[in-house]
Amino acid sequence: MAETSASRPASTILLLRDGAAREIEVFMMVRHHQIEFNSGALVFPGGSVDADDNEIVARADLYSGGAALSEADRGFRIAAIRETFEESGILLARSKETGTPIDAGRAGEIADAHRVALNEHKISFLDILADNGLQLALDTLVPYAHWITPEGMPKRFDTWFFLAAAPPDQLGAHDGRESTDSIWVSPREAVEGGESGRFKLPFPTTRNLIRLAKQANVSAALAHARSLSIVTVMPVMTKTETGRQLRIPREAGYDGEVFEVGAVG
């Protein structure tokens, strides 16, 4: 068996909006084919919690809505918002002075001025927030799922999934580095694309899209997420004659316990 590596804390956000076709839509990106993890996959914006995120945790003036959260939970949410800004340009933040959410125009100015430098590690997210009088809106994120990569995998993540309503008129755009395309897509269409081969979808992404597709609109999705009792999912993988089988806790709420996930390879 492959040696089990420690899982790295990570976060991802399902950014939601109400679509024109009376279906909820979620922002997704295609990961670059040269990226080591999930290359070419259609995913939600997100990534690892890093040391800079923990520095922001220690600066309570740089976020709001986190008073009832543990330091670890704040770190997951801060990382989720930072990664989403890096990868899409969408910024879940408020004016420190007025407490009002920043509008699309202001978010665009900040992205144009700092996003490339942030992705190239030439500026810190902490400095961007402090210099622009911003506070991250931690309370806009609603916990939705908690997945840990199976044991035996060479690269493992301990990932929190959050739902958030996309700020009005912040449309998002891929960064051209870690992601090569981006779309607003209904969960139904994304799942159908995974089944047809149009999209490459990681297993956790598929399961969360299927669950999200049951919600009629953003308000319903957020209300459902707030009602959830989050059950941690660490799939157990078994090789079968026809491929691989993943077993997850039934009580996690993904309409089943054992799933066939295709050929080994």
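Predicted model: local features only at pLDDT ≥ 70, side-chain atom pairs only at ≥ 80, totals over all residues.

User: What is the strand order of the open sheet of three strands?

Analyst: Residues are numbered from 1 along each chain as its sequence is written, and side-chain values use heavy atoms, leaving out hydrogens and water. Strands (E, at least two residues) and helices (H or I, at least four) are DSSP runs numbered from the N terminus, and two strands pair if DSSP finds at least two bridges between them. With antiparallel pairing, the order of this open sheet is E11-E12-E13.

User: Which are the edge strands there?

Analyst: An edge strand here pairs on one side only. E12 (residues 244–247) has four bridges to E11 and three to E13. The edges are therefore strand E11 (236–239) and strand E13 (258–260).

User: In E12, which residue is the bridge partner of Thr-238?

Analyst: E11 and E12 form a hairpin with four residues between them, and Gly-243 in the turn has a positive phi of about 160°. The two strands run antiparallel. In E12, the partner of Thr-238 is Gln-245.

User: How many residues of strand E9 are buried?

Analyst: Buried means under 20% relative accessible area, with exposed over 50% and partly exposed in between (1.4 Å probe, protein chains only). E9 (residues 156–165) is joined to E1 (residues 7–18) by 10 parallel bridges and to E8 (residues 142–148) by six antiparallel ones. E9 is largely enclosed by the rest of the structure, because its buried residues number nine of the 10.

User: Which residue stands opposite Leu-15 in E9?

Analyst: E1 and E9 run parallel. Elsewhere in E9, Phe-161 is the bridge partner of Ala-145. Opposite Leu-15 stands Ala-164.

User: Are H5 and H6 parallel or oblique to each other?

Analyst: Axes are lines fitted to C-alpha atoms, for helices over the stretch in contact, with angles from 0 to 180 degrees between N-to-C directions. Those of H5 (residues 187–196) and H6 (residues 203–212) come within 8 Å and cross at roughly 140°. Angles under 35 degrees count as roughly parallel, over 145 as roughly antiparallel, 65 to 115 as roughly perpendicular and the rest as oblique. H5 and H6 are therefore oblique.

User: Which residues of H6 make the contact with H5?

Analyst: Contact means heavy atoms within 4.5 Å. H5 contributes Pro-187, Ala-190 and Val-191. From H6 come Thr-206, Leu-209, Ile-210 and Leu-212.
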